[in-house]
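Please read this briefing beside the sequence and the 3D view, taking one topic at a time.

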Amino acid sequence: MWFENPVEGSVTRRRRSRSITVLVSLTLVLGSLFAGSVPASAATTPVISTVLGGLCSPNAIAMGLEPSAVVPDGAGGFYVSDNTHSIVCGVAADGTTRLVAGNGAAGKYGDAIAPYGDGGDARHASLYTPSGLAVDNSGNLLIADRWNQRIRKVDHATGVLSTVAGNGVAGFSGDGGAATAAQLNFPTGLVVDSSGNIYIADNKNHRIRRVTSSGTITTIAGTGTAAGTGDGGNATAATLNLPSDLAVRGSSLYISDAGNNKIRRVDLTTSVITTFAGTGTAGYKGDGGQASAAALNYPLGVAVDNQGTVYVADSGNQRVRSIRNGVISTYMGTGAAGFSGDGGRPANAALNFPVSVSLDGNRNVYVADQGNRRVRMVTTSANRTSTVAGNGTLGYSGDNGLASAAQLNQPTAVAWTKDGRLLVADAHDNEVRAVRPDGVVVAVAGTPGVSGFSGDGGAATNATLGFLSGVAADGQGNIFVADWNNRVRKIAASTGVITTIAGNGTAGFGGDGGEARSAMFNRPSGLVFDTAGDLLVTDTGNNRVRRLSAVNGDVSATSTITTIAGNGIQAFAGDGGPAAAASLSGPVTVAVDASNNVYVADAGNQRIRRVLAATGQIETVAGSGVVGYSPEGQNAKQSALNYPRGVAIDGAGNLFIADTGNCIIRKVNAPGSPTSTMITTAGWTPLRGVTPVCGFAGENASPRTGSTIMSDPSSLTFDPAGNLYVADSLTHRVRKITPG
């Protein structure tokens, strides 16, 4: 999934390849991933907990996921790797789910001497786009941790994670030595034979590697050159092209040679390689004939049952093909990308880019139907198709149930309403959700998983929204949303009807002095109401902060719009002068204190700026302009920040900053005073010269200890009791910090 980063102004992969480091000796507090909040009156020290969002929804069918592989667990259930959330979920025979591995914050290894997660609970570790899965002969789960360049193992008895192959550096080396010292290059698929040997589809090395039960790694197929030669000879002299998955039965190892549009077979006794299926030309043909004369289209998955029938996830053809006695046929899929056919015969079901196929002991067939965001199963005895995991919407579940059981897909903004609801902009689900005081989460606006612009004049829950980056509520309970359709939209408290109140949908700058509905925005992001009831908007792409003036206490389409900070030039300038003449750089969020002073997260300038209500002048109150981290207790204006995206003011006037790039929350006392200092109040404080520590840990722990870790905290808000809520964006959670 891709999105445009409002701070960096470029197209960025959602899970940035930022190095992530955690010392092995960290004491991670297990707790419950979905534990409730702790009342402020009962707390003697600050406590951090999750109030909304998680990973594996308790019900498999309700879970929002992007499956990359599925494998039966041997006990009537299965494991599924979620590519987007970098987790592995276990689904029991009764459909209940559990988190098996991954904390939801995609992360790479950082410090080579401190691999993140090995030796500890697999659920607290960072995986990075896990792909292939296998279960070894002892019931341990093996994971192709693709972007971490490793094969990881979850011990069946203890849940402890370890690395069995790969040193974390992409490349090729190590044959003949210990597998843990070898280099892999985006390992994608794996399988275990009856002797306990692990076979790895070393995708970008264009090789198949084998790890023996003693831990030694060798290459058994492929020269490292991307090509399709060598049939009839020794497999180590043959060429492969992006091998992606493996299956084994007896002495036959089957390879989905995706780049060659073939299934290759290696005889493990003689080491001779041959083409088992596919001509090498992408296409669809050959059903009813010899598999070697058939056309496949980017086959990504392969499996073999206990009777020798081979199944192929023929991804580009939107089908699963089967090969029995050398003859190929379509087993599942109509060939048209889509979703249909549950309850019917597999040949009549529509698939959407199936990427993985596997079988259990009863020859039931499991398919990771990635484009449909579901796991499908064919019950062989009845020849019927069903969905066994996934609701079709990525990272979304739980509306009208307890917030502790719901899923989010990158929350980017939080706000508190006067009637006690927590509002959450669920950015990549394109939805606004609310947690009621009774702990139930409900939909407020948007169609889950659908991006667009529609619905004005109707129910907000039927509308479509763009990427959401800001949410706020006024004193009457009306809700306002910053919609990257270059609009600000309003949901009326009395009717639930949505309308556009600002922005004409065209990216640009214009309209100051006129009605808000005629103005132009460029990626409106943060929203907040000031003490006069006016709505402030960070117009990120225009490098401005704008005001929609209330009329009789109401902000509407006829409100007058003006700029209160920023001259439109992306730069740093203007401190000490009029805020409207100053230069900002990618302002993201905004906050207001009791004196109506406005605080701006001037993210691109690595500063927090303040606009004084009395004079309209702008000043820097935190941040030196240098990207980085400064020691605790240093003068706030001399301290480095790392793309600060969130700001909030507590009841005592202290400034809190979501120091996003450092994955910490920082506090500034007496902002603007010469003696103002900055300290970290939540998250792992980066050590000097060491990459920030980002991930997820520390549930129901003190936020100030090394056991608390966040990933891309992006927005902050306080409730009336002084609890701080954090949109912990890349762990897909909202977390609550209860003061001591």
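Contact here means heavy atoms within 4.5 Å. This is a predicted model, in which local features need pLDDT of at least 70 and side-chain atom pairs count only at pLDDT 80 or more, while totals for chains, interfaces and linings use all residues. Residues are numbered from 1 along each chain as its sequence is written, and side-chain values use heavy atoms, with hydrogens and water left out.

**A buried serine**

- Ser583 lies in the loop between β42 (561-565) and β43 (587-592), where strands are DSSP runs (E, at least two residues) numbered from the N terminus.
- With a relative accessible area of 5%, Ser583 is buried; buried means under 20% relative accessible area, exposed over 50%, and partly exposed in between (1.4 Å probe, protein chains only).
- Leaving aside neighbours within four places in sequence, Ser583 is in contact with Asn567, Ile569, Ala571, Phe572, Ala573, Asp602, Asn605 and Arg609.

**Nonpolar cores**

- A nonpolar core is a set of buried Ala, Val, Leu, Ile, Met, Phe, Trp, Tyr and Cys residues joined through side-chain atoms within 4.5 Å.
- The largest nonpolar core has 21 residues, and Phe78 and Val375 touch the most other members.
- At least two residues of this core come from each of β6 (78-82), β7 (87-91), β27 (365-369), β28 (374-379) and β29 (384-389), and the largest share, 3 residues, comes from β7.
- Apart from this core lies another, of 20 residues, among them Ala445, Ala460, Ala463 and Ile491.

**Salt bridges**

- Side chains of opposite charge can pair when their charged atoms come close.
- The structure holds 32 salt bridges, each being a side-chain nitrogen of Lys or Arg within 4 Å of a carboxyl oxygen of Asp or Glu.
- Asp118 forms a salt bridge with Arg152, the closest N and O atoms being 3.1 Å apart; Asp118 lies in the loop between β9 (108-109) and β10 (130-135) and Arg152 in strand β12 (residues 150-154), so the pair ties together parts that are 34 residues apart in sequence.
- Both Asp118 and Arg152 are buried.
- Arg489 forms a salt bridge with Asp456, with 2.9 Å between the closest N and O atoms, and this pair links distant parts of the chain, 33 residues apart, with Arg489 in strand β37 (residues 487-491) and Asp456 in the loop between β34 (440-445) and β35 (468-473).
- Arg489 counts as buried at 0% relative accessibility, whereas Asp456 is partly exposed, with a relative accessible area of 36%.
- Salt bridges that share partners join Asp399, Asp426, Glu431 and Arg433 into one network.

Definitions and conventions. Helices (H or I, at least four residues) and strands (E, at least two) are DSSP runs, numbered from the N terminus.
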